[in-house]
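Here are a few notes for a first look at this one. Keep the 3D view open while you read.

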Amino acid sequence: MSQRGTVSQRLGLTDITITYHRPQIGGPGNLGQTVPYGKVWRSGANENTTITFTDDVSVEGKTAGGGNLRAAHHFRDKDQWTIIFSKNATSWGSFSYDEKEDGLRVTAKPQAADFREALTYTFEEVKPDSAAATLRWEKLAVPFHISVDVKAVVLRSVRNELRSVGGFTWGGYDEAAQWCLDNNYNLEEALKWEDTSIQNEERFENLETKSRISTC
């Protein structure tokens, strides 16, 4: 039985988690026997390899959505691999894979890499709003790039906070407006938030912030 592995990466406020089982390759040159060309493979061992996104993301430029548990499968070809994200994440491997349940398909170019006996997933090329989730096994690395609209995710979080405890003080609205100003983002709504902050309690801080937003 292959060992279970989990790897996570946070981009902004968004968590991406891959849960998988780690088969052993049994030496260089055996990948072709384990993962033959032209067949859908479970991207690991045992039950489905799964990937979760706590917010909407894009994979290789295609919208993948968020908040869902998805099964990851790979379709290996000579020059490229197809990564398949299935809506069914409760199966054992790819034996019952059904193309009709596909949520997303993207392609990735395999790259030569240092030998790995056990299959491993890593997050590489990490930036504030993107990372490459990479399958590494035998002498291959297969990266697929995941990106997040960090500002949109943070703005949604700010709005939710204003519906909670943050919406009962002048400071909550002022901080929300200040974040928009610092990021030059959503300034029209930020000005309304600052007006609400001033109505709650007129302060030097919120007056200054409103003045700065108004001049943008």
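1. How do β4 and strand β7 (residues 69-76) pair, and over how many bridges? They run in the antiparallel sense, with four bridges between them. For the terms: strands are DSSP runs of E, at least two residues, numbered from the N terminus, and two of them pair if DSSP finds at least two bridges between them.

2. Before going on, a word on where this comes from: it's a predicted model, where local features need pLDDT of at least 70, side-chain atom pairs count only at pLDDT 80 or more, and totals for chains, interfaces and linings use all residues. Residues are numbered from 1 along each chain as its sequence is written, and side-chain values use heavy atoms, with hydrogens and water left out.

3. β4 (residues 49-53) also pairs with strand β2 (residues 14-22), again antiparallel and over four bridges. Look at T50 in β4: T19 stands opposite it, and in β7 its bridge partner is A71. Four of the five residues in β4 are buried (under 20% relative accessible area, 1.4 Å probe, protein chains only).

4. Now the aromatics. Rings of Phe, Tyr and Trp (its six-membered ring) pair if their centres lie within 6.5 Å, and planes over 60 degrees apart count as edge-to-face. That gives five aromatic pairs. W41 and W81 make an edge-to-face one, 6.4 Å centre to centre with 85 degrees between the planes. W41 sits in strand β3 (residues 40-41) and W81 in strand β8 (residues 81-86), so the pair ties together parts 40 residues apart in sequence.

5. Both W41 and W81 are buried, and together with W137 they form one aromatic cluster.

Methods. Buried < 20%, exposed > 50% of the residue type's maximum accessible area, 1.4 Å probe, protein only. Phe/Tyr/Trp six-rings, centres within 6.5 Å; stacked < 30°, edge-to-face > 60°.
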